[in-house]
Amino acid sequence: MFARALFSCFLIFFSLLAPCGWAQTAQPQKGGSGGMATGGVFKPVFDSTHRPITAGGTVKTGPIVFKNIAEQAGLTKWRHTAGTPEKNFILEAKGAGVALLDYDNDGWLDIYLVNGSTYKALDGQEAPPRAALFHNNHDGTFTNVATQAGVTNDRWGYGVVVGDFDNDGWPDIYVTNFGKNRLYHNNHDGTFTDVAEKAGVALGSWSTGATFGDYDGDGRLDLFVAGYLRYDVKNPPAPGSTSVNYSSCQFRGTPVMCGPRGIQGEHDHLFRNNGDGTFTDVSAELGVSDPDGYFGLGALFVDVNNDGKPDLAVANDSSPNYLYINKGNGTFDDRSYLSGYALNGDGREMANMGIAAGDYENNGHLDLVNTTFSDDNDVLFRNDGTGIFTDVSYESGIAQPTIPFVGFGDGFLDYDNDGWKDLLIANGHVYPKVDKHPEWGTTYAQRPLLFHNLKNGKFELVPAVEGTGLAELSVGRGAAFGDIFNDGKIDVVINNVDGVPTLLRNVNPDHHHWVELKLTGGPRGPRDAVGSTVYLNAGGIRQRGDVLSGGSYLSSNDPRVHFGLGDASSIDSAEIHWSSGERESINLPAPDRIYTVTEGKGITSALCDGKVCSVKTSSKP
């Protein structure tokens with residue numbers, strides 16, 4: 001406790017050198033109170049035309065990686081809504097997540113987009129905004145079937161996570177809200193039933209990030225739900241009110257919404273799956289309830305020490321992160337500080353939002369990236385393989401470019417299929433007022449950032465070509481990553497505050513090979529294989545891919561494991577470490593296919609060019 005108090009008392013200011021092409025060196029200035037950055041205030045960064053780098057810095061020509069095809073795909077018929085445009089209170093500003101899932105088991109990813117709400121809707125004075133479930137039509141378009149499916153939520157929504165909690169072979173959806181949460185059980189016929197109350201996971205506070213994982217190894221998915229803060233609509237946290245500790249809340253001397261600092265935090269919850277459709281809250285018993293009331297946002301069950309047991313990472317806003325190591329006996333050890341994950345390399349807590357997990361060095365270790373507020377950098381935590389992390393943000397090249405941005409959704413993805421994981425970050429400010437102060441060098445709507453893996457532990461920022469997806473401005477929040485068009489390229493869906501979604505279709509001009517695995521677990525593990533790991537050898541590279549539920553910012557990614565193969569036309573070997581504890585070697589006869597692998601049975605089906613194709617292969621234990 002002394003360490004936590006000591007680190008919270010220090011505010012470390014530091015100087016940074018601007019990279020080539022940025023107009024000014026970032027230097028600390030005197031900051032105002034109430035903001036969410038913890039690293040000081042830095043001088044604005046402008047591009048060559050004096051646009052803030054968050055909306056500028058684009059180039060006229062270059063490789064086109066992503067195109068925003070949301071309108072052509074039919075997604076722009078829906079839009080996110082949260083409170084008022086002014087964002088006077090923090091409830092309106094945090095945005096919502098997005099999930100990619102194959103809810104009807106037709107082999108194509110569908111899209112679930114969480115919606116917010118309005119104060120009038122909470123009072124029953126108007127119809128609430130509704131969530132969307134976009135069914136994939138297999139032709140590049142989508143149809144919103146949320147009403148027919150019964151998943152509109154109709155509450156002030158934030159996060160979404162997907163997992164087959166009852167092991168019936170159909171993905172279920174958990175939605176976190178301000179107020180009671182939803183657990184939508186898949187009825188196998190295109191519809192869902194909310195069973196949250198019956199299951200005992202409704203809660204009723206302000207929940208944010210959620211993640212499924214089998215922490216106790218009984219073959220059933222358990223559920224962790226992060227809590228953000230205590231919020232009373234009838235007594236909102238206005239400056240000087242009884243619900244906030246500050247007499248004024250400012251960002252760079254301008255009055256803004258209060259929070260999260262100064263507001264009481266909400267606790268976290270871990271629900272153990274009882275196997276009968278109900279869950280038991282074991283968070284206090286297992287020491288993961290967040291008794292200090294930190295401001296939880298991102299959450300992810302992920303094996304960080306390679307022992308086959310899912311550990312638990314929690315990204316906390318403006319407070320230290322949590323890392324709970326699974327002891328393998330149904331309990332956890334809080335290693336937040338000892339692991340190096342609680343704070344950044346300067347010993348500061350950060351305004352953590354999203355969590356990306358991936359083996360970017362191809363050394364078999366899962367590394368983590370946390371997105372943060374502006375005037376601070378997004379943090380790359382490099383894992384030594386035992387769950388000990390080092391902040392290598394500056395050495396890797398992701399720190400400097402991210403300082404002016406407010407990062408939310410993030411994910412590792414091999415966008416060019418060269419066998420090395422790249423990184424994409426969705427951005428957007430929380431204060432609309434920044435647009436009235438161009439001298440600050442930031443904007444409310446911001447462009448995403450794509451970092452290319454240089455294969456030597458470093459990343460390089462990919463130029464944003466004008467008129468393409470990387471130059472698209474939005475108030476980005478949740479982001480989900482997956483092969484939406486079954487073409488072997490990873491696409492991205494972003495849920496934007498008070499706006500229509502972004503669908504970044506991967507159109508990178510590479511011709512590299514790839515392979516994807518959809519894993520189906522056996523009777524001793526989760527049916528959707530959450531927690532399983534695949535090691536694949538091809539072209540002299542050994543890659544790691546994990547089946548994870550949750551992550552990014554309040555979102556859930558494609559559950560299939562994707563590997564870029566570069567120019568390799570064959571796959572040397574693939575070994576699956578199932579979440580049940582079993583290991584299985586699989587012969588993959590050809591690249592450029594999506595294989596379904598069933599535990600103990602090998603390949604049971606395959607997709608070629610989005611269509612079912614026959615394969616012959618074998619597996620051996």
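Me: With which residues is serine 207 in contact, leaving aside its neighbours within four places in sequence?

Reply: This is a predicted model: local features need pLDDT of at least 70, side-chain atom pairs count only at pLDDT 80 or more, and totals for chains, interfaces and linings use all residues. Residues are numbered from 1 along each chain as its sequence is written, and side-chain values use heavy atoms, with hydrogens and water left out. Contact means heavy atoms within 4.5 Å. Beyond its neighbours within four places, serine 207 touches Tyr158, Thr176, Asn177, Asn181, Val225 and Ala226.

Me: Which side chain makes a polar contact with the side chain of serine 207?

Reply: A polar contact is a pair of N or O atoms within 3.5 Å; within protein, one must be able to donate a hydrogen and the other to accept it, and residues adjacent in sequence count only if both atoms are side-chain atoms. For serine 207 the distance is 3.1 Å, and the partner is asparagine 181.

Me: Is serine 207 buried or exposed?

Reply: Buried means under 20% relative accessible area, exposed over 50%, partly exposed in between (1.4 Å probe, protein chains only). Serine 207 has 1% relative accessibility, so this residue counts as buried.

Me: What is the volume of the largest pocket?

Reply: On a 1 Å grid over the protein atoms alone, a pocket is an open set of points with protein on both sides within 12 Å along at least five of seven lines; a cavity is a set where a 1.4 Å probe fits but cannot get out. Lining residues have an atom within 4 Å of a point. The largest pocket has 38 of them, with Asn105, Gly169, Lys518, Leu519 and Thr520 nearest its centre. Grid points are joined across faces, edges and corners, and the space filled by probe spheres set on the points comes to about 740 Å³.

Me: Which strands each supply at least two residues of the lining of the second largest pocket?

Reply: Strands (E) are DSSP runs of at least two residues, numbered from the N terminus. Serine 207 is found in one of them, E12 (residues 207–213). The second largest pocket has a volume of about 520 Å³. Its suppliers of at least two lining residues are E12, E18 (295–302), E34 (533–538) and E35 (541–546).

Me: Which residues are closest to the centre of the largest cavity?

Reply: The count is three cavities of 30 Å³ or more. The largest cavity has a volume of about 500 Å³. Of its 33 lining residues, the closest to the centre are Ala357, Phe412, Lys421, Asp546 and Asn557.

Technical notes: Helix = DSSP H or I, 4+ residues; strand = E, 2+ residues; numbered from the N terminus.
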